Amino acid sequence: MQKKVKVKPNSKQQKIEEQSDGSLNVHLKSPPVDGKANEELIKLLAEKFNVPKSHIKIKLGATSRQKLVEIDTDI
């Protein structure tokens, strides 16, 4: 499964908002420095979709706020 994700780093709280088109807005506490925001994003998505962190990959936009994330839900 692939999801379009819009990341908002440096937020006061962590949350995931699902949009009507199926994309996600993800608010992260981490700053976008040294990959910390990407690590937090993968951790949050793993919890939401109940999969191991190793089953989530950022396909596009690793250094951008707009990302394409692939989630392998076949366990």
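Modeller: With a definition. A nonpolar core is a set of buried Ala, Val, Leu, Ile, Met, Phe, Trp, Tyr and Cys residues joined through side-chain atoms within 4.5 Å. Keep in mind that this is a predicted model.

Colleague: What is the general idea behind looking for one?

Modeller: In soluble globular proteins, nonpolar side chains tend to be buried together.

Colleague: Which residues touch the most other members of the largest nonpolar core here?

Modeller: The core has 15 residues, and Val5, Val26, Leu28, Leu41, Leu45, Ile56 and Val69 touch the most other members. Two or more residues each come from S1, S3, helix H1 (36-49) and strand S5 (66-71). H1 gives the most, six residues.

Colleague: What does Leu28 touch, leaving out residues up to four places away in sequence?

Modeller: Its contacts include Ala37, Glu40, Leu41 and Leu44. Val7, Lys8, Pro9, Asn10 and Ser11 are also among them.

Colleague: Now the sheet. What is the strand order?

Modeller: S2-S3-S1-S5-S4, in an open sheet of five strands with mixed pairing. Strand S2 (15-18) and strand S4 (56-60) are at the edges with a single partner strand each, so one side of each has no neighbour in the sheet. On average, neighbouring strands are turned by 35° against each other, direction ignored.

Colleague: In which sense do S1 and S3 pair?

Modeller: Parallel, over four bridges, between residues 2-8 and residues 24-27. Lys6 stands opposite Asn25 in S3.

Colleague: Which residues lie nearest the centre of the largest pocket?

Modeller: Pro32, Ala37, Asn38, Ala62 and Lys67, out of 14 lining residues. The pocket holds about 180 Å³ of space. H1 supplies the largest share of the lining, three residues.

Technical notes. Residues are numbered from 1 along each chain as its sequence is written. This is a predicted model: local features need pLDDT of at least 70, side-chain atom pairs count only at pLDDT 80 or more; totals for chains, interfaces and linings use all residues. Side-chain values use heavy atoms; hydrogens and water are left out. Two strands pair if DSSP finds at least two bridges between them. Axes are lines fitted to C-alpha atoms, for helices over the stretch in contact, and angles run from 0 to 180 degrees between N-to-C directions. Buried means under 20% relative accessible area, exposed over 50%, partly exposed in between (1.4 Å probe, protein chains only). Contact means heavy atoms within 4.5 Å. On a 1 Å grid over the protein atoms alone, a cavity is a set of points where a 1.4 Å probe fits but cannot get out, and a pocket is an open set with protein on both sides within 12 Å along at least five of seven lines; lining residues have an atom within 4 Å of a point. Grid points are joined across faces, edges and corners, and a volume is the space filled by probe spheres set on the points.
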